Amino acid sequence: MWQAFRNGSVYDLRSGDPMADDPHGGHPWSPERSVRARIVCMLLLDGPPALSGRVSSLKLSGLQITDVLDLAGGEILPYTELKHCRFEKELLIPEAKFTTLRLVNCSIPRVEAARLHTEGDLHLPRCRIHNGMRLTDAQIGTDLLLNQAVIYRDRRGKSIMGDGLSVGQDLQAELMESHGQLSLRGAKVGVSFSLRGSKLANPYGPRALNAPQMTVERTLYMTPASPGDPITSSGQTPARGTRVQRFECQGGLRLDDGRFGDAIDLAQARFTLENEQEVSLRRVQTPELRFLGEAPQRGKVVLSGAKVVNLIDKSTSWPGPGGLQMGGFTYENLVPQGSFPLSRRLSWVAAATAEYNPEPYEKLATVLRNGGEDADAREVLLAKQRRRRETLPLAAKLWGFAQDWTVAYGYRPGRAALWMAVLWAVSAVAFSRADHPAIKPGEHPNWNPALFSLDLLLPVIDLGQDSYWQLRGGWQWFAAILILLGWVLATTVAAGATRLLRRN
């Protein structure tokens, strides 16, 4: 091993039997495959010089490291790569400085790496970490790779404690299994954060992923991945027909106050929540939200205060009434995938407003109008008025029914014209049979039942007919009803015109 270090070559003690060499299996390894942690520390901290023309590096494969590997606070210059190794006890590298550290397919009881600093990568693909991993305030110069890693919780229920973590480029955690809370509060990722095909489960607490105030310069992926080799295919969309594994989250997810430079992609994501748990995107800011997963059967989806430019969604992705909150949620464009009729979109808004709130309706109407869907925008505003009517006292509710039945709160002005025409025609025919003595004989125009009916129907406007003729008996009541109906139609039309002018 000493010579391999000086030569920069791999020191491999595997037997060639895949089952016997599996670091995660129960097959015991012989003492000949063991090395004391102290020897590894000596090589990394104060190793011999490299051979002429070589670069010293520690490359181990198939070894068992006994005792605690303690490199806390050390500065490790050689390239370090351990593959298929077993750690008898925990790995301590807090406040250590590495150029690059790669641990591939290793079995590790626990990783303590708070305030770790690497100039290059930190790789832990296919590793199994049995008592959690601490990366609090760690600074990774380029990539952090956790593909296919299996990480179990520590005593506090955390699988990965990565609060304040900073990753210079990509954070790839594809096909990873997290058993406990994955905590990334205030983490920063220089390019993209990929959780493609991963399974996050935390039956011990309210959240499986807790990452408020996270910053990702490009995209957060919670999408399917192929169970092939994610190291070579990371970031690629699985080809059509390829067997894929969805992103699954069993427990709450929190991304409150996060900033994502390109998108949050939730295509085919599956969330399994308890009643009190949430998929929380409060005050998130991103140019694009791809909400294309399965609708959670329980719990809530919360978008309150979020700001999105493009909302890409499916009608089947949103939960039902009581399962959605989006007060203050702003979006500029709707890009539905598949069939998303207006009736389903109105149900989407209603699901977010257990109590009447005009804001979601008005926001949807504005977006539809800006997209040229004026008719749909009017239908949304009509639905808002009908929803508001449910909260009014009886008298106001009856008045609302009258406005809805006559001119649909002014959002269907053609209906008002139709009612006016019908009333005018009916009343003109009726008044042609009415007894109509003049109030002042010799001082009246010729009797015209059509003009007389129109003069009664139109408030404010005087056509010079109704003030010259006297009606008796039931005709007086008929004229009074006609005047009242004229006022109802006129005021509802005026209300609709006012709304139209205000919108313009």
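Predicted model: local features only at pLDDT ≥ 70, side-chain atom pairs only at ≥ 80, totals over all residues.
Which ring does the charged end of Arg86 sit over? In this model that ring belongs to Trp29, with the charged end of Arg86 4.3 Å from its centre, where a charge counts as over a ring if NZ of Lys or CZ of Arg is within 6 Å of the ring centre and within 35 degrees of the ring normal. Arg196 likewise lies over the face of Tyr221, at 3.8 Å from the ring centre.

Residues are numbered from 1 along each chain as its sequence is written, and side-chain values use heavy atoms, with hydrogens and water left out.

Turning to ring pairs, the structure holds five aromatic pairs, meaning rings of Phe, Tyr and Trp (its six-membered ring) with centres within 6.5 Å, called stacked with planes under 30 degrees apart, edge-to-face over 60 and tilted for the rest. Phe247 and Phe271 form one of them, and because their centres are 6.2 Å apart and their planes at 70°, this pair is edge-to-face. Phe247 counts as buried at 0% relative accessibility, and Phe271 at 8% does too, where buried means under 20% relative accessible area, exposed over 50% and partly exposed in between (1.4 Å probe, protein chains only).

The rings of Phe291 and Trp318, by contrast, have centres 4.2 Å apart and planes at 10°, so that pair is stacked.
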